[in-house]
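Me: I have a chain open here and want to go through it. Can you take my questions as they come?

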Amino acid sequence: MRKAGFTRQPASTSLTLPDVSNSTTAKETAIALLHKFFPDDHIAHDSVQQKSIRAQVAVSKPPASQAVPNFKNHEVEEVIRKLQDRKSPGPDGIDGAIVKRMHKILPTFWTTLFNKCFLLGCFPKAWKRASVIVNPKTDKSKLHTVQGYRSISLLSIPSKCLVKLLIGRLNHFLESTGQIPPQQYGFTAGRSSADAITVVRFIRCTSKLGTKCCLLTLDIAGAFDNALHPGILARLWEQKCPPNIYSIVKDFLQDQNAHIKLGEAESSKRMTRGCLQGSVSGPTLWNIIISDLIVLLSTSPNLEIVPFAEDIMIMIQGPSHSAVLTTVVNTLRTTQDWCKKQRLNQH
């Protein structure tokens, strides 16, 4: 059963496109929405550095580190137990109730299947397909354009189970090896937005010291939609990710497919960058990418950084306005260079 609101879709005949032209058929509208939701990874636009990263990922073997253990039956059982029976199924039509029923009849079936995927470094292609539901944004003045809509991806329930298990293993590795910077409060176990409220303390501290301060807030535009897959894999390789996790994550990111239906019109698109909205993998994969920027910015002694997901708050202090301004300029330059490397935009 679909959640209320998921069936609300835009007009199937005409929407204003980014180039100010209008779609004239439901098919054109479907294609335009897919391109808006899932931007292409244009290899032709690669910088020299991006070409190097892409080439490295293409030929690199999994990191020479110790593999993590297979999934235990009790881990799989816990993931299945938490499935919501009324959650909308993905393209395969298998809902949570079916998965639970199969587990009850064949208690080791899902564990055996998931571990075989883990062993082979293979994420089933059928589980990489998402049914895209189009939802209007609250700003009704934009509903005549493709910018007035957001997507929700309905994913295979067995796929979600496998991803949860993988992300659990990956998060344990990242946290146990200190790969997630302590400044990252978003999507991190045991931390929340309340922990990130340090502005008052910072201002009081600079006031007592008699120094000047400045507060910058940055927003990485479309972070989840635009994350480069080679960038994710390059970071995992640098972090010496366990080889069995690295292999299946690499396969998981390949050949993902989004399918949309508007009325009688249908369209599909291969995803070449970003993470599907609704996937439990998105937050962790984004933390892997943004950790690189956090480390770069944290080298400044006059700066404190508080990232929360794709939003970053930077607090700068110094003995004078000119000193603070110098740090601001250097910080923005570092951030801009990093965004170019990852082909992301900052606000």
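Me: What share of the contacts with a separation of 6 or more joins residues 24 or more positions apart?
Reply: In the protein chain, 74% of the contacts with a separation of 6 or more are between residues 24 or more positions apart; a contact here means heavy atoms within 4.5 Å.

Me: And what am I looking at, in terms of source?
Reply: This is a predicted model, where local features need pLDDT of at least 70, side-chain atom pairs count only at pLDDT 80 or more, and totals for chains, interfaces and linings use all residues. Residues are numbered from 1 along each chain as its sequence is written, and side-chain values use heavy atoms, with hydrogens and water left out.

Me: How many helices and strands?
Reply: The chain has 12 helices and 8 strands, taken as DSSP runs (helices H or I, at least four residues; strands E, at least two) and numbered from the N terminus.

Me: How much of the chain is buried?
Reply: Of its 347 residues, 48% are buried, meaning under 20% relative accessible area with a 1.4 Å probe, protein chains only.

Me: Switching to cysteines. How many disulfides?
Reply: The count is 0 disulfides, a disulfide being a pair of cysteine sulfur atoms within 2.5 Å.

Me: Is Cys117 buried or exposed?
Reply: Cys117 has 7% relative accessibility, so it counts as buried. Cys241 is buried too, at 0%.

Me: Now pockets. Which residues lie nearest the centre of the largest one?
Reply: Arg54, His229, Pro230, Gln254 and Arg270, out of 15 lining residues. A pocket is an open set of points on a 1 Å grid over the protein atoms alone, with protein on both sides within 12 Å along at least five of seven lines; lining residues have an atom within 4 Å of a point.

Me: What volume, and which elements supply the lining?
Reply: The volume is about 340 Å³, as the space filled by probe spheres set on the points, which are joined across faces, edges and corners. Helix H2 (48–59), helix H9 (229–238) and strand S5 (265–271) each supply at least two lining residues.

Note on methods:
Buried means under 20% relative accessible area, exposed over 50%, partly exposed in between (1.4 Å probe, protein chains only). On a 1 Å grid over the protein atoms alone, a cavity is a set of points where a 1.4 Å probe fits but cannot get out, and a pocket is an open set with protein on both sides within 12 Å along at least five of seven lines; lining residues have an atom within 4 Å of a point.
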